[in-house]
Amino acid sequence: MCAQSTEHLGAVRFVEVAEDESFFATGADDGTVKIWLAPRLADRSIMMSARTIHCGGGGAGSGSPSGGGGTHHHPPAVTALKCCDNSRSIAVGNKSGELCL
């Protein structure tokens, strides 16, 4: 199956499928990881919204305007993504060297 989604704002670099095939995750240059429920694939409703996870970049000003300048902080690009065996967890690494679980 091939699909195009506008969920990510940057290029998708990683796709990881859970061992039980109940979900898969995508990681992108926009610093987000999206969690997709696999049963939706059978219904061809892949374009339904995915759950979004941000890894890192949680410092001051994260996701909101800082001071009067209106500058937004963007999370660092995802550089690694792995579904953990026998669990519902994923490990995510980003360009800042952070590891999130």
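Biologist: In the hairpin of S1 and S2, which residue takes a positive phi?

Modeller: A word on the source: this is a predicted model, where local features need pLDDT of at least 70, side-chain atom pairs count only at pLDDT 80 or more, and totals for chains, interfaces and linings use all residues. Residues are numbered from 1 along each chain as its sequence is written, and side-chain values use heavy atoms, with hydrogens and water left out. The hairpin has five residues between the strands, strands being DSSP runs of E, at least two residues, numbered from the N terminus. The residue with a positive phi, near 60°, is Glu 21.

Biologist: Over how many bridges do S1 and S2 pair?

Modeller: Two strands count as paired if DSSP finds at least two bridges between them. Strand S1 covers residues 12–17 and strand S2 residues 23–28. Val 15 stands opposite Thr 26 in S2. The pairing is antiparallel, and the number of bridges is five.

Biologist: Which residue forms a salt bridge with Glu 16?

Modeller: A salt bridge here is a side-chain nitrogen of Lys or Arg within 4 Å of a carboxyl oxygen of Asp or Glu. For Glu 16, the closest N and O atoms are 3.4 Å apart. The pair links strand S1 to strand S5, 66 residues apart. The partner is Lys 82.

Biologist: Is Glu 16 buried or exposed?

Modeller: Buried means under 20% relative accessible area, exposed over 50%, and partly exposed in between, using a 1.4 Å probe and protein chains only. Lys 82 has 46%, so Lys 82 is partly exposed. Because its relative accessibility is 18%, Glu 16 counts as buried.

Biologist: Where does Arg 88 lie, the residue that pairs with Asp 20?

Modeller: Asp 20 and Arg 88 form a salt bridge with the closest N and O atoms 3.4 Å apart. Asp 20 lies in the loop between S1 and S2, so the pair ties together parts that are 68 residues apart in sequence. Arg 88 is in the loop between S5 and strand S6 (90–94).

Biologist: Over which residues is the pLDDT below 50?

Modeller: pLDDT is the predictor's confidence in each residue, from 0 to 100. The protein chain averages 75, and 68% of the residues score at least 70. Where pLDDT is low, the predicted coordinates should not be read in detail. The stretch below 50 is residues 59–70.

Definitions and conventions:
Contact means heavy atoms within 4.5 Å. Helices (H or I, at least four residues) and strands (E, at least two) are DSSP runs, numbered from the N terminus.
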